[in-house]
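Q: Could you take a close look at one part of this structure for me, and then tell me how the chains meet?

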Amino acid sequence: MNETIERAPLDEKVISRLREIFGVERLLTSQTDMMTYSYDASFETQLNPQKPQVAVIALSTHEVSECVKLANEYKVPLYPRGAATGQTGGAVSTKGGIMLDLSRMNRILEIDHQNMQAIIEPGVIQNDLNLALKPYGLQFPPDPGSANMCTIGGMVSNNSSGLRAVKYGVTRHYVLGMEVVLPTGDVIVTGGAKSKALKSVSGYDLAHLMIGSEGTLGIVTRLRLKLLPLPVTRGIVLCSFERLESAGEAVNAVFSSGLQPSAIEIMDFNCIKAVNMMKPELNLPVDNEAVLVFEVDGAKEEVTSQVNRLKKVVEKYATHLKFSDEPNECEKLWQARKLVGAAVGLLKPGGFRVYAGEDICVPISRLPETLREIHNIAEKYGIVCGIYGHVGDGNMHTGPVVNSSNEVEMENVQKMVEEIHQLAIRMEGTTTAEHGVGIVRAKYMDVEHGPAMEVMRAIKRTLDPNNILNPGKMALPN
Amino acid sequence: MKVLTPEQSMMTCVRCGACRNVCPTLNITGREADGPRGRVLMARSMLTGEIPVNQEIKDQLDRCLLCSACVDACPMDVQIPDIVMLAKEQIAAATEAGTYHQPGVKLNTTHNDIKKTPAPLRSVRDFMFEKVLSDQKNLNQVGNLLWFYQKSGLQSLTRSLGILKFFPEQMRQMERIMPEILPPSKRKPHMEFTPRANRKKEPKGRVAFFQGCIMDVMFRRTNDNSIKLLSKTGFDVVTPKDQGCCGALHHHSGKKDKTIELAKANIKAFEKAGVDYIITNAGGCGAALVEYVDLFRDDPAWLERAKVFSSKIRDISEIVHEKGELPETSGKGERVTYQPSCHLQYVMKVKDAPVKLVKTIPNTEYMELPDKKYCCGSAGIYNILQPDLANKILDQKMEKVKQTDSAVLITSNPGCYLQMKLGLHREGMEAEIETKHVVDYLVESIERAEKQGH
């Protein structure tokens, strides 16, 4: 743990060129600064923090381009970083090198409400964009749990999504075009260099090659995003189920009744326990295996009618049911879901919640089976764990809770995570639905993709022959 | 009471980054070490002995405003300011003992020369904390001196003689924005009991007023207005004579024994008052009073008394909004905006009571201050210790104030009040924008309506 790898210092010429590009204030070299750039939100980097050799804070495309050219010339690894709220080690150095902090490139350049699009820099925080869009009655829908702190550049690089993906899809669906600095330092604009079109099939869709490439193929410096109207209001139906299977049936029944909820969230019995501990007034029934929270959105009368229809459909399967189409009441019910990520930490006194094995996705039909299997694995290793997730697309977040001073537990949780990932693949699913690969899931890439992995590696070699950009991630060549 | 101690809570940080988007210093520099997550890691690495105490970390931690915005944003309730404080105490102790340099620890040894505070400065500081702030009589003497300084022509004399140029720029500016001190004759002790203004109505409650130390000397008018506002909104007000300083400044300087002594004195004084609520008009003091419980974790007898005391603390805007009955008010047709006090919004969790009250005033237009979540940079004596960063924070704040095009900038804490005045002074906008405590603004609006009614 916390091993420091000794590295040859960076060439003095590189440092002085960086100083020319960024000035003294935005070029950081102290050990203290390097320590604070050695992690993201992943469990992996808590265990094995990795320091870069130097960090720079960029303010413009020109600076980014100059920095990449320099790295390419001297073959120094370069790691682009937004807010480092990721859970995969994706924005952390693996080989020293330069940390390129893009969080200050955070200007909203244009809100073109007539054409339903916005042009922004990559460091804009998801929630800040949505606050700016609100007066226009517009929204940027992809909504990861970290919306209050994650940068949109990071969302694009990881193709993030969140609870409303079941209705609104993922980040990919909202990127119309982007400006990218390639590993050579050249700057291109994809999605039509001068276009403001909302649809285009002209040429290879390079923007979509970049989306989800986790900063291994280029650095996004500007984004043209598609916007949607902001729903007027929303409604919530919260219901409990004696058995996991009946929760699954309820979801099926809702879909086949023609309803399109904007979110369907599941919480298992441990999560129910945890939320009750944090907010006793929510008073969720404890003897049940699952709670589902449905959200619908739209115009007022539409929402009321959807809530009523939903209620009728799920009533047959549920033991308890609460609902509302009144904003304050909805907010209260929604708290059950909102708090769960933090609440699971309460399951074990003195423990903390680990973000690992946290993002698997399986076909909806295999959800109950998968949930039971995860609990079997957790029990085998003696780990307490709450499971919640986006049941509408089969995406599960497992939250193991461990005591950091208990070494056996720390080892067991890693074995457990390994088994959960294998389970996901066995269930015809994937190891990651919305968080990304980074360092932590690189080892599953070959199993998940087979020969397609060679195509990915060939693309990487073509665009980044010196392997400068974010090396050591996604099982691409070293 | 906080569930976890700072030592426990620093271990629960999962580095999710939820604190990133609310931190005023991170917002200025973008440097991870200037954000809460970086600070927790630095403090924790030092406190667990992973790395030795060193100047680099001290300098970084000194940049924290301790505004608590990060605690409010944290899903795990990590007590960042407490953790930073704990680390700073350790640094101070190590500096005094000369043990900051641990031989054999391989890290950065280029900065192992922690600078001690010069001895004369230390004794002045200790004298301030021990003798002046803790004793209302002595503080009143200082108030008399300040009043004399302002009224005797000494102020204009020192200004014209240019003596002030020997002081740092920050202190010179502070001297200029110092509020006008009331003469000793108008700073007599408050009435011990002030009944509700309208005796025909049932009281809204029996409350005690916490007058504060500096507040009662430098902002006496606001204190008088606070008692008036409580009375006019239907409360019977007790102002206990033997109350004292809340101890916040002592606590923030690591003087825990003195803090506990002051806390006990206040708990005793207010127990005697027999009231439903204890009211403060300074977010900084209110937050300290709410946190008294944490001082007595290991003292069961006092813990119970502290719990009762802390549970009664309310901000004046909160109590007036929730339980009081605001009489008729009238504005001047002006536009106003509000910069919240961090301790009020993040520690006491009073987010919009002042705004809700102001919005009820007819003929006053309220405009929200963009980015009001960020601390103004006052934070005790931060602007004297970290002038560069504090000025950048303040300049950005003033940019936002300008955007609202308001005539009045409302605050809810004396530190914020002074900082806003300083900001407006620096921008040369004192003439266009007036700074006002929300209590003064409300009382003026009530009295305006009373006059119009006659």
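A: **A serine in a helix, then the interface**

Keep in mind that this is a predicted model. Let's start with S226(B), which sits in helix α12 of chain B, a helix that covers residues 220-232. Is S226(B) buried or exposed? Its relative accessible area is 0%, so S226(B) counts as buried, given that the cut-off for buried is under 20%. And what is S226(B) in contact with, once you set aside its neighbours within four places in sequence? The partners are F209(B), N281(B), I316(B) and V439(B).

Now for the place where the chains meet. On the chain B side, 35 residues are in contact with 33 residues of chain A. Together the two chains bury about 2600 Å², and carbon and sulfur atoms account for 53% of that area. Within chain B, the residues that lose the most area to chain A are V14(B), R15(B) and N21(B), which together make up 21% of what that side buries.

As for charges, there are 3 salt bridges between chain B and chain A. One of them joins the side chains of R31(B) and D33(A), at 2.8 Å from N to O. Looking at the elements of chain B, α2 (24-29), α3 (36-47) and α4 (55-62) each give two or more residues to the side that touches chain A. The largest share, 6 residues, comes from α3(B). Sorted by type, that side of chain B has 14 nonpolar, 10 polar and 11 charged residues.

Notes. Residues are numbered from 1 along each chain as its sequence is written. Chains are lettered from A and ligands numbered from 1 in the order in which they are written. This is a predicted model: local features need pLDDT of at least 70, side-chain atom pairs count only at pLDDT 80 or more; totals for chains, interfaces and linings use all residues. Side-chain values use heavy atoms; hydrogens and water are left out. Contact means heavy atoms within 4.5 Å. Buried area is the accessible area (1.4 Å probe) that two parts lose on being put together, summed over both. A salt bridge is a side-chain nitrogen of Lys or Arg within 4 Å of a carboxyl oxygen of Asp or Glu. Helices (H or I, at least four residues) and strands (E, at least two) are DSSP runs, numbered from the N terminus. Ala, Val, Leu, Ile, Met, Phe, Trp, Tyr, Cys and Pro count as nonpolar, Asp, Glu, Lys and Arg as charged, and the others, Gly among them, as polar. Buried means under 20% relative accessible area, exposed over 50%, partly exposed in between (1.4 Å probe, protein chains only).
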